[in-house]
Structure formats: structure tokens, C-alpha cells
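Could you walk me through this structure? I'd like to learn how to read its features.

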Amino acid sequence: MPSFRAKARAVDLLGKGQIADLPTAISELWKNGYDAYADNLSCDLYLKGYRDLKAPLFTLSDDGTGMSAEDIEKKWIVLGTDSKTRGMALLTEDDRLGKPPRIPMGEKGIGRLSVSYLGLKMLMLTKKKGMKCSALFMDWEILDNFNLYLDDINIPIKEISSSSLLKEKFSELVEEFKNNLSNGDWHEHRHLKDKILDNLDKLIIPNFLLEDLESHFFNNEDHGTIFIIFDPHEQLIDLSRGDTIEIKDDATTNYLRFSLSGIYNAFKDKQIFETSFWIHDIAGKYNLIDKQDFFERDDIFAADHWVTGSFNEEGFFTGDVQIYNEHFKHTFRPRRQPGKTPYGQFNIEFGFIEGDSKNSNVSREKWDVLKRKAGKFGGIYVYRDEFRVLPYGRSDHDFLKFEERRSLSATYYQFSRRRVFGYIEIKRDSNPKLTDKAGREGFIVNKAFREFQADLIDFFIDFSVRFLRTINVDERHKGTNPTLRQEQVELIRKRNERLLKAEKKRSKITTTSFKRDLNENTQTIDDLASEMDILYDKLNEENSKDVLTYNNVSSLIVDLKNKKSELNKLKISKPQRIELTDSQTNKYADYREKYDQVLSISLKCNDLISETQKKLSHENLKIEFENQYQFFKDDVESMVKGYNSRFANKVEELGSLLKNEIKQSGELYAEKTGHLIISGTENKAEVKNRIEMLETIHDSLMDEIEDKYSSFIKHVEGLNFDIDDDLLVGWYKEQYEKINEKVEALHELAQVGIAIEIIDHQFNVLYSEMSAAIDFFKRFSDEKPEIKYNYNQLRRSFEHLESNHKLLMPLYRTRRRSKTEIKGSDIEKYINNFFMNNFERDNITFTVDPSFKEYSFYSYESIIMPVFINVINNAMYWLIPSKDRKIHITNKFDKILIQNSGDKIAPAYLEKIFSLFFTKKPGGRGIGLYLAKTNLRSIGYDIYATNDKNLNTLNGACFVIQKFEKELVDNGF
């Protein structure tokens, strides 16, 4: 039994209730692990249902130096020893496990306080390198008996030489601890005694944990410490309630996550050790501390505004500041008496983002990332010697009073926890008077902390008022100049508003012109089709005669050529500048279909003309050449003249506008300065003031003229017949829209990633088990052909599941599978077997051309097969309304066509159906076709939908699979 230095009540062993909260307790134990030169500090919460676990179990471990039995008796459970942060000699290199010295973090006695806060019943296993493992058991509930003295308590400790003895030694520890219930005064606490005894009898170490401990604590080279908590704190128990997905956003979960993220200063590049908090349940495991969500150093300097600098011993700040693109040196002296501060020198760095992306200079993608991080983890953190001081930086502890001031005036006090992120860096040597409270819930509110807090608040208020706040109209009238941020915000807003206004105006013109052409040309093209059919019939009649009448034939050919010229003028291209509505897309598709029909008539006429010309005499054919030459020459000139006429009209219109502007600009200047004309009675100062006002008005008008005309004139000067600016703008806009859509899709996909993250561990465990089972059955399938198909189907389905899961987890790739030759006939057989019952039940005729049967893919079965299964599964649904239900696969022009006789896909949806989460199928998820396209692209193929009649012979839905080519990108795929 350990000896104690003084006779005291047993509760004094801990000073129960001193720790502020659960995250603080964990943080303090991690500090001890850091002091023990650990590289990895880990919490593991095993919830009910995990490997048949009956009740939650919590462990906290490190791979540090560990303790011997002597260390435990003389240091860990002894009261009154001094803090290891003061006056203690550094560990030897061997004790440090060969690592560089570390500044001690932990305070003496706080480890016991912390571990008692985690839960009532604790088994500690600890081992120094080259020594035996030591085990200590304690039930902190015994301290609820305030009548016990230290002499009454025995904390059993045992050395364990072998893993095979662990279970036995644990039972001995528990039995020895029970003896405490026979010592001391229990007269008033009989119920407590019975409760403790009953709970102790139920204690066991789960087999899965025994296996883990055996491999980590009993080899000669092993070292470290693990605390096993059998009755975890109620805040941990909260994590065992409800579905894993639901608790991800639970208040308890978020509180732990926010508190334990960034324990070591992640704002600095160097990371000495890793911390993690794993939650294990029946679905697998996931890390409560998502390191990807927390800040990195680059985030500070990617923000709209940032500050980096230091406060010296007299509280004087010097550093670098960037407000948007303006970079400068900045100094600040708080309102305080001259001389050294009680808090000492410290460094500070932080970034600040605009709350509205329209005011931000950061790219939208990066702004989204920073805003998300700031929403979760924003605030100013405090780090002492790179280790976080809780609770600073947490949303419930606004020690710099950002939110309090912001509630008074958001335009005056710009800083908000959700928009600022950074850290204050202090050191034990430089800031000795910034000391922690006994329960580690922040600094003691002494003179040093009060002045530290007050000077920082002064700094942030001064910075906000000087550089960031918004100056209102009244203040401007009184002569107050806009802040540096406001000046640039106004420029950014004006630029964006001007661009938006111009783009809206141009888009409106384009939309109006497109709709007008579409409406006007629709009837014209119908009439043209009829006229060309009539001319075709007449020419065909002339051609059928034994003797051709040249004049009749020539006249008909000229008429047909004129009709062809008219058709060329009726061609309407899809505008690149604007996004068409679904209705407009469908109308445009209908028009294109009519145009293509008339174009086919024109091609038919060309064939007839060519046939007719063969029957002409040599002399007539020469005359025909002269006629055609002149016709084409006139047609070319006519087109250029038409454009020249349109250009001349526009130049005349613009020239007229500019002449009016010249006249009006002089009148406008005279109007704005009329009240300044001197009468001769003004004194010298008044005249001087009016001269300055003349210049102000002049500069203002010059800026307006510059804004109005400069970009237009530069655009005109840069025009070139070889460059289609409208096409370029349309292309840029199209790419921008695609990127935006992809970003939005990825945002939504990230939500799916949350669910995938939860099942990640279990999936990998199940994968190993299923893989082994499938390999086991393989030899039976080889021996018995009757089960070979079922085995192959099981294997392919398993690989399909693996493929889709790994598609959403970028760290996994398809390299573990092997390529194989997959013939169309194999795919046909697979589809028939897969959908045999469905085809029969729904009266669907499934056919495959010989051309497809001979086609061969050299790729992964688990990518190719699911694509066909997905497309055909969709087809079966859309075939329901059809009387004649057909699905047909063919190979045409080296394109694999999967067609059905159901409804045709509306032109507006030909591209959209491949977008993530887009679906027209009730109850559909909108993922299948997205995954199909993404999977195929990973192996050099692509899939798209088409209504091209040359391909879509069944006139329903038609999907095309082909090798990836550049024109697919040009077509928007």
C-alpha cells in the first residue's frame, strides 16, 4: 500500500469536482502523454453493440515512456509533490526514447483529477521500456464516503509479466480493492457500499481489448500508458444514444469536437504528435476529431484580411497587416501606463474573412472552405508552448467579447467568432503570470490576465475601427474618410455590380434575339420544306424525261440553290452566353429537328441535281458551270454585304450616340459647376475653395466617363474577324457554370461522405471476411459447374459494391483488381442471367446485335458490368407505359448503343441526367448514372445520351458508350 504524507480525508486525494469539464480532463491527460514523449495520444469510446459489448467502455492511451510500479507509488498517487513544470531535471535521452527535449506541460496532481472525471472505475496499465507492465485499479466512487481517511484506502498495484496473466491479475486487483469496503466508517454509507460491491462483481475486460493489450504492453520493447474506464462519464454515455449519423451533429458531440480539435497548434506547420478520438460502434469506427475540417497555417494568409505580429513586454504591438490587397506595417500601443506589462511578450496571428462572398477577394471555392471551417472552429485560440489552453477559442467562451460588441453594431465592430480565426502564442518562460486555474478552466483572473485581456480588446477594437468598420453617410458628410476595407469593398461591389448589370443587359439582348429568331423562323422553315418538296418533284419529273429541256432544268436548279441559301440563313445556333430554360431547350431541339429534316431534303435535292447534270449535253453543262459560278459568287458577296450593312447601321447608331454624349458632357459639367461661378465679391479663400470643388467635380465626371466608355473602346480596338468574342465569353461562362455545378455537387457528395465515413471501418472488416469466404467457395465452383454462375454473380456483385464505395473514398483505387477481356457476348449472358425474371415478368424483349457480341472491352469487370446493369435497370422502369417493350444493344460506328422503346429523353435532360443527385425517377437517388460516367471515365471510356435518329433507332432512350474523345468535352460531357 502506498504511504501518504498527511492524515486527511480520502476525498482530498483528488479534490473532486476541480476539473472544469470532460474536454479539459482529456486535454490534461494528453498533456501528461506529451510530457511522456508520446507520438500518438488517443481516446477510444466503445459503444454498446460493438463486438457484443454490453455497456460503453472508454480508453485513453499514449505511446509515451510509461511508468514503473515505483513511479506510480512515489509520484502518481502521492499528494504534495511539486509541479513537474518547475525545477525538475529534464529526462535523459534514453528516458525520452531518443526524442528531443520537450517543455513540460502537465501540473502535478491534475492527472488524477482528470482521469477521475472520465469515469468511476479505472484500470491503468503502464509500462516503461524494458520493464514489466504495472497495473493499478481504482473505483473513484469510494470517495463518496466522506468518512474515509487516506489510511483507510488501499489502491492496489501489481506487476504483470505476461499477457496470459492479465485477466487473472485484473481479478486479483478488483478483489484486493474490495477490501477497502471493510475498512473505515461505512455506517452512513451502507447503500453506497452495496452498490460498489455489486458493480465490481460485474467488471470484465472484453476479449477484443485483451487481444489489443496483449500485443501492445507485454513485449520487452513496449512502452506507454492506457486508462480503461468501465463506467464512463455521462457526457460520453450521451454518444451511445441514437444512430451514429444523428449524433454527428449532436450538441455533446460538437462540444467535444470543438474543444479537442487543434490541441497542438495546427496554425503552425510543425506537428510533434497526433491526437484522435475514435468512436466504435456496431457500424464501425470514426474519428470525432476531423483534422481536415480544422485550420492550417495557409488558411490565415488566404483570408481577405490578416495580421501577424507580436506584443512586446510593454504591450506595444508591431506587425504586418493585409487588408484585401493592401499590405503595410502596423503598430499599436494600448491605453496603459508606461512600463513593462505583468503578462509579458506574446505573438499573435489571425485571418478574417468577409461574411458575404460578394465582398470577398477570395475565390468562391476557397471562401466556401474558410467559411465552413470558421463556422465550426472560428475564434482566437491561446497556445502555451504550442499546446492549447482551454477553453479559449471555444464558441461558449468569448473572452475577447467579439459577439458582445458585434451585437451593439455589426458595421462598427466587424470581428465575429465565425469570421476570424487565429491564435495567441504564449510561453511559460515569457508569460509566467498567466497561470491556469486549479480546474484548468482558463487563466486565473489576476492582474496579468485582466490587463492581457483588456489590451487585446483595445487592440481588436482599434483595428476594427481603423481599418474595417463601415463609415455611414452622416459621418462622411462630417469629413470622416472611409476605412481601407470600405474603400476596397466599394470598389469590389461597383466592379461586380457593373459587370453584373452589363452581363444582364447583354444576356437579355441575346435571349430576346434568340427567342425572336426561333419564333420567326419556325413558320418560315415549314414553308421552305414544302417549297423544296415541290421543286424536287418538278425537277424529278424533268429528269425522268428522255430529252431534257435545259431552260426548265436550269431554272429549277437555280430555284433549289436559292432555297438552300435561304435555309443557310435560317440556321440558329444555341447561344453560348445564356443558359436556356427547359422550355427553350425543348423548342430549340424541335427547331433543330425541323432544320435537319429540311437539310435532308436539301441533300436529296443535291443528289437529284447531280444526277440531272449528268444528262445534260456538254454545251449545256458549260453554260450550267457559268451560271453556278456567278450564282455562288453573288451569294458570297451578298452575305458579306449583309454583314457590312448591319455593321454600318450599328456604327452610325453608336456614332450618333457619341456625338450626343459629347454635347451633353459639356452641358453636364456646366450644370454641375454653375453654382460655383464667381461673381467678383468672393474673398481669396472662397475662390480657392471653389477651384478645389471644380477639380473634384471634374475628377468625378472623368471617372464616370472612364467607367462608361473605356472598356467599350478597348473592346472595339481589340476586335478581330478571327476571334469570336461572344463564343469565348459563352465558353468561359459555360466552364464557370460547370465548375459551380460541380462544386455544389461535391458539397452534397461530402454529405454522403459523412455516411460513408461512419461505415468505413466495418466495411473494411466485412470486406476481408467476405473476400476470404468468396475465395473459399471458389474451389467448389471450379469443381461444380452448376454453381459457377452463382459464384461469379456473387463475386461481381461484391466487386460492384466495393467499386461504388471506393469511388466515394478517393484514397481507395481500382489498382487492386486486374483487367480482363470482357466480350459483348459475356455482357449479354450476364444481363440475361441478372434480369431473367424481370424480363419475363414485364414482357420485355432483350436483344443484342452480333456486332456487339464481338465487341471486346479490356478493363475491369466490376466497372463495365455495373454500367450496363444500371442503364438497363433504369430502362425497365421507363418501359412500363409502353406496349411494345424492347431493349436492344448494338455496336455502330464503334459506339455501343443501349436503346429502349420507352419514352424519349427530353432534350433539356440529355446532359442533366448524369449530374449527381438529379433524378426523374420516383424514389431514385440520382447517383447511378453519375457513378457510371465517373467510373467509365476512370478507364478511358464515356457514356452520354442522345436523340440522334441515326443512332436512336428505337426512338426511346438511347445511351452511347465509347472511348473517351475530345469532342465529348466540346459537347458538354
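What follows is a short chat about helices, a sheet and salt bridges.

Q: What should I know before I start?

A: This is a predicted model, so to speak of local features we need pLDDT of at least 70, side-chain atom pairs count only at pLDDT 80 or more, and totals for chains, interfaces and linings use all residues. Residues are numbered from 1 along each chain as its sequence is written, and side-chain values use heavy atoms, with hydrogens and water left out.

Q: How do α22 and α24 cross?

A: Helices (H or I, at least four residues) and strands (E, at least two) are DSSP runs, numbered from the N terminus. Axes are lines fitted to C-alpha atoms, for helices over the stretch in contact, with angles from 0 to 180 degrees between N-to-C directions. Here, the axes of α22 (residues 824-841) and α24 (residues 861-878) come within 11 Å and cross at roughly 35°. Contact means heavy atoms within 4.5 Å; among the residues making it are Tyr830 and Phe834 of α22 and Phe868 and Ile872 of α24.

Q: In what order do the strands of the open sheet come?

A: Two strands pair if DSSP finds at least two bridges between them. The 5 strands run β17-β19-β20-β22-β21, with mixed pairing. At the edges sit β17 (845-848) and β21 (941-945), each pairing on one side only. From one strand to the next, the twist averages 15°. Inside that order, β19 (residues 886-892) and β20 (residues 895-900) run antiparallel and are joined by 6 bridges. His888 faces Gln899 of β20.

Q: Which strands does α22 touch on the sheet?

A: Helix α22 packs against β17 and β19, and its direction makes about 170° with that of β17. Helix α25 (residues 928-937) packs on the sheet too, touching β21 and β22 (958-963).

Q: How many salt bridges are there?

A: A salt bridge is a side-chain nitrogen of Lys or Arg within 4 Å of a carboxyl oxygen of Asp or Glu. By that rule the count is 38. One of them joins Lys178 and Asp201, whose closest N and O atoms are 2.4 Å apart. Lys178 is in helix α4 and Asp201 in helix α5 (residues 190-201), so the pair ties together parts 23 residues apart in sequence.

Q: Is Lys178 buried or exposed?

A: Buried means under 20% relative accessible area, exposed over 50%, and partly exposed in between (1.4 Å probe, protein chains only). Lys178 is buried at 14%, while Asp201 is exposed at 53%.
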